[in-house]
Amino acid sequence: MAERIPIDFQYRGKDYHGEFMPVQGSGYPSAFQLLINNYYIGNLRYSDGWTFDGHVMNDMAEEFGAFIMAWYQ
């Protein structure tokens, strides 16, 4: 099972506690599912830049991506 990555962040004045779950593939993952309170929020992907396809928090893609990159360093 892939390692879950815990994250605490603020969005529009509200505190969130969740985790990114890597989507399995070869090598380092480039796709992650964001879960908050075990509720699926969306997918974060890297391909020529970070994108987030959630129905909320789409503007957080680069911040989420920077967090993921720091986690793996």
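Guide: Start with phenylalanine 32, which counts as buried because its relative accessibility is 0%, and the cut-off for buried is under 20%. Keep in mind that this is a predicted model. Phenylalanine 32 belongs to strand S3, which covers residues 31-36.

A pair of aromatic rings is described by the distance of the centres and the angle of the planes. Phenylalanine 32 forms such a pair with tryptophan 50: the centres are 6.4 Å apart, the planes make an angle of 45°, and the pair is tilted. Like phenylalanine 32, tryptophan 50 is buried.

Phenylalanine 32 also pairs with tyrosine 72, again tilted, at 6.4 Å centre to centre and with 45° between the planes. This second pair also links distant parts of the chain: tyrosine 72 lies in helix H1 (residues 61-72), 40 residues from phenylalanine 32. Tyrosine 72 counts as partly exposed because its relative accessibility is 31%.

These three residues belong to one aromatic cluster, whose other members include Phe9, Tyr16 and Phe20. The count of aromatic pairs comes to 8.

Phe9 leads on to strand S1 (residues 5-11), where it is on the covered face with Ile5, Ile7 and Tyr11. Pro6, Asp8 and Gln10 make up the uncovered face. S1 runs antiparallel to strand S2 (residues 14-22), and 7 bridges join them. Tyrosine 11 stands opposite lysine 14 in S2. The two strands form a hairpin with 2 residues between them, and arginine 12 in the turn has a positive phi of about 50°.

Note on methods. Residues numbered from 1 in each chain as written. Predicted model: local features only at pLDDT ≥ 70, side-chain atom pairs only at ≥ 80, totals over all residues. Heavy atoms only, no water. Phe/Tyr/Trp six-rings, centres within 6.5 Å; stacked < 30°, edge-to-face > 60°. Helix = DSSP H or I, 4+ residues; strand = E, 2+ residues; numbered from the N terminus. Buried < 20%, exposed > 50% of the residue type's maximum accessible area, 1.4 Å probe, protein only. Pairing = 2+ DSSP bridges.
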